[in-house]
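I opened this entry to keep track of what I looked up, one topic at a time.

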Amino acid sequence: MAVTSLPVLSQDDGEYRDIQTLMGGNESVGGYGAISLQYTELENRDAFVFGARGGVVIGHMVTLGLGGSGFFNDLHYDAQSGMDLSLAGGYGGFFFEPIIFPNFPVHVAFPVLIGAGGVAVVSANNDNNWNDYYDSEASDAFMVIEPGLEIELNVTRFFRFCIGGYYRYTSDIDIQDPEIEVSPDILKGFSGGVTFKFGRF
């Protein structure tokens with residue numbers, strides 16, 4: 001696999017150094033858009049988080065932008081309410097992302113998202129024709145801070161592939177329904193996944 005280089009302006013002497021990639025390229029600066037898929041657990045059940053974010057890369061070292069994610073966990077039977085229930089929701093906000101040694105083909109980044117979101121307890125039902133439909137039984141809003149660590153690969157000058165780990169810290173969840181019991185810290189926890197970044201870095 002060939003390793004080639006992209007020019008980067010040195011802060012020390014005003015001359016160009018090289019950003020190395022795995023598959024070629026000459027130049028890159030500006031910003032990117034990204035999509036991600038993460039695995040986590042909610043209520044000790046498998047859950048998936050789908051995300052997107054975009055930002056402006058400043059000096060190849062820091063990204064500032066906006067991001068958002070949606071999540072859901074496995075449907076399960078709840079004996080207290082007598083319904084099949086699932087958690088679903090989303091959150092978004094501002095993110096900043098320091099990037100360490102971006103001139104290397106493999107390096108690290110530390111994205112931090114700060115924002116707000118909402119979560120709902122969703123029930124699954126059938127109509128008379130056995131078609132599934134979903135109702136929101138109860139919901140709440142929350143604040144969120146989600147720091148992460150990503151290992152980035154400069155695959156080409158326009159594409160980076162990332163493997164990351166994240167911790168989702170939220171304000172307490174308060175579901176106002178006596179038939180549905182949800183822990184206040186239900187959304188807090190670790191997640192891990194992959195991110196695909198496309199742009200000019």
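**Notebook: strands, hairpins and rings**

I began with a turn: strand 4 and strand 5 form a hairpin with three residues between them, and Gly59 in that turn has a positive phi of about 60°. I noted beside this that the model is a predicted one.

Strand 4 and strand 5 (residues 62-73) run antiparallel, with 12 bridges between them.

Strand 3 (residues 31-42) is joined to strand 4 (residues 45-58) by 12 bridges, and the two run antiparallel. Here too I found a hairpin, with two residues between the strands. Glu43 lies in its turn and has a positive phi of about 60°. For Ile35 I wrote down Ala52 as the bridge partner in strand 4.

I stepped back to the whole chain. How many helices and strands are in the chain? I found zero helices and 12 strands. Read from the N terminus, the order is β-β-β-β-β-β-β-β-β-β-β-β.

The chain has 201 residues, and 41% of them count as buried. Among contacts with a separation of 6 or more, 57% are between residues 24 or more positions apart. The accessible surface of the chain is about 10,400 Å², and carbon and sulfur atoms hold 60% of that.

My last topic was the aromatic rings. I noted that a ring pair is described by the distance of the centres and the angle of the planes. The structure holds 12 aromatic pairs. Why is the pair of Phe159 and Phe196 called stacked? The ring centres of Phe159 and Phe196 are 6.5 Å apart and the planes are at 5°, so the pair counts as stacked, since stacked needs planes under 30 degrees apart. This pair links distant parts of the chain: Phe159 is in strand 11 (residues 159-170) and Phe196 is in strand 12 (residues 189-200), 37 residues apart.

Finally, I looked up a charge beside a ring: the charged end of Arg53 sits over the ring of Phe95, 5.4 Å from the ring centre.

How values were computed
Residues are numbered from 1 along each chain as its sequence is written. This is a predicted model: local features need pLDDT of at least 70, side-chain atom pairs count only at pLDDT 80 or more; totals for chains, interfaces and linings use all residues. Side-chain values use heavy atoms; hydrogens and water are left out. Rings of Phe, Tyr and Trp (its six-membered ring) pair if their centres lie within 6.5 Å; planes under 30 degrees apart count as stacked, over 60 as edge-to-face and the rest as tilted. Helices (H or I, at least four residues) and strands (E, at least two) are DSSP runs, numbered from the N terminus. A charge sits over a ring if NZ of Lys or CZ of Arg is within 6 Å of the ring centre and within 35 degrees of the ring normal. Buried means under 20% relative accessible area, exposed over 50%, partly exposed in between (1.4 Å probe, protein chains only). Contact means heavy atoms within 4.5 Å. Accessible areas come from the Shrake-Rupley method with a 1.4 Å probe; for residues, only the protein chains shown count as cover. Two strands pair if DSSP finds at least two bridges between them.
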